[in-house]
Structure formats: structure tokens, C-alpha cells
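Biologist: Here's the one I wanted to go through with you. Start wherever you like and keep it simple.

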Amino acid sequence: KGVKNIAMYDVSVTDPSVIVSESFRCSHLVFAAPSYNGGIFTKMETVLSELKAHSLQNRTVAIMENGTWAPVAGKLMREKVSAFKNVTVLEDTFSFRSALHAGDMAKLDAFVDAVARA
């Protein structure tokens, strides 16, 4: 979609300090996590807590969630990120169940378009 200098990190294997420092380099962030025991995947929750502790601000954020029965990670991540100073959280959360299905692709394309426009 024309966006340059994209980096992707897996919170389950990347130290939070790397993601925190990278978040200060980027103007736009996409946080993607599964729902886990009625909350946010614990390693993503740690990253978000570290970003709050380091006063991340002045960013645009998009949220993606995955959950099999009751996806709640998106709502909870939105609440956490919305508390950051001067952060714009894009309106639509991309949510899917367990795995991407053919019916999810149009929603994913719209989500990507919204991030690219921002």
C-alpha cells in the first residue's frame, strides 16, 4: 500500500525493550494480540504497560485481535492505548476467529487501507 520502513516484532520472542525503543521510532503502530484467559496475551500486556511507563505519546495506533470464543483483547488494548497522551486510535479494530478465513480478507484489506491512509 506504499508504506515504507515497516518492522514487525513477535512479542512472544522479542524482549519488550526492543519493542519499546522501536515504538519511539515509528509514527504509526499496529498492535495485534489474541485474547488470553479473558484478557490480553500476557506478553503484549507487558509491552503495553512498558509503553505507558515510558510515556509513549503522539502516535497513531491500530488494533487487531484474535479470539476463538470471546475475543476481548482488542477492546482491552484500545482501553490501555487510549490512556496514552495524544494518541489517535483508529476507529475499526480488525477481529478474526482462530485463523483467517476467506470471508475475513475484505475486512483485512479495509483495515490495511485505513492504516495506510492514516
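**A chat about the model**

Modeller: Let's begin with Asn58, which is partly exposed at 45% relative accessibility. (Buried is under 20% relative accessible area, exposed over 50%, partly exposed in between, with a 1.4 Å probe and protein chains only.) This is a predicted model, where local features need pLDDT of at least 70, side-chain atom pairs count only at pLDDT 80 or more, and totals for chains, interfaces and linings use all residues. Residues are numbered from 1 along each chain as its sequence is written, and side-chain values use heavy atoms, leaving out hydrogens and water.

Biologist: Where does Asn58 sit?

Modeller: Asn58 is in the loop between α2 and β3. (Helices, H or I with at least four residues, and strands, E with at least two, are DSSP runs numbered from the N terminus.) Its backbone is worth a look too: Asn58 isn't a glycine, yet its phi is positive, about 55°.

Biologist: Which residue follows α2 with a positive phi?

Modeller: That's Ser55, with a phi near 60°. Ser55 isn't a glycine either, and Ser55 lies in the loop between α2 and β3.

Biologist: Which residues of α2 are buried?

Modeller: Met44, Val47, Leu48 and Leu51. They sit on the same side of α2, because they cover an arc of only 95° around the axis. (That arc is taken from the directions from the helix axis to the C-beta atoms.)

Biologist: Why would residues a few places apart point the same way?

Modeller: An α-helix has 3.6 residues a turn, so residues three or four places apart face the same way.

Biologist: And what covers the buried residues of α2?

Modeller: The cover includes α1, β1, β2 (39-40) and α3 (73-82).

Biologist: Let's jump to α4. How many residues has α4?

Modeller: α4 runs over residues 105-117, which is 13 residues, and it reaches 18 Å from its first C-alpha to its last, close to the 18 Å expected. Leu108, Phe111 and Val115 are buried there. Their arc is only 60° around the axis, which puts them on the same side of α4.

Biologist: What's exposed on the other side of α4?

Modeller: Ala106 and Arg117.

Biologist: What do the buried residues of α4 pack against?

Modeller: Three strands: β1 (28-36), β3 (60-66) and β5 (94-96). Take Val115, which touches His28, Val30, Ala62 and Leu90, not counting residues up to four places away in sequence.

Biologist: How about Glu65, buried or exposed?

Modeller: Glu65 counts as buried, at 10% relative accessibility, and its place is strand β3. Beyond residues up to four places away in sequence, Glu65 touches several others, among them Ala33, Pro71, Lys75, Thr93 and Phe96. The C-alpha atoms of Glu65 and Thr93 are 7.3 Å apart, although the two are 28 residues apart in sequence.

Biologist: Where is Asp104?

Modeller: Asp104 is in the loop between β5 and α4. Asp104 is buried too, at 10% relative accessibility, and it touches Phe94, Phe96 and Ala99, leaving out residues up to four places away in sequence.

Biologist: New topic: how many residues line the largest pocket?

Modeller: There are 34, and Ile6, Ala7, His28, Leu29 and Val30 lie nearest its centre. (On a 1 Å grid over the protein atoms alone, a pocket is an open set of points where a 1.4 Å probe fits, with protein on both sides within 12 Å along at least five of seven lines; lining residues have an atom within 4 Å of a point.) The elements giving two or more residues to that lining are α1, β1, α2 (42-53) and α4.

Biologist: Which element gives the largest share of the lining?

Modeller: β1, with seven residues.

How values were computed. The expected span of a helix is 1.5 Å times one less than its number of residues. Contact means heavy atoms within 4.5 Å.
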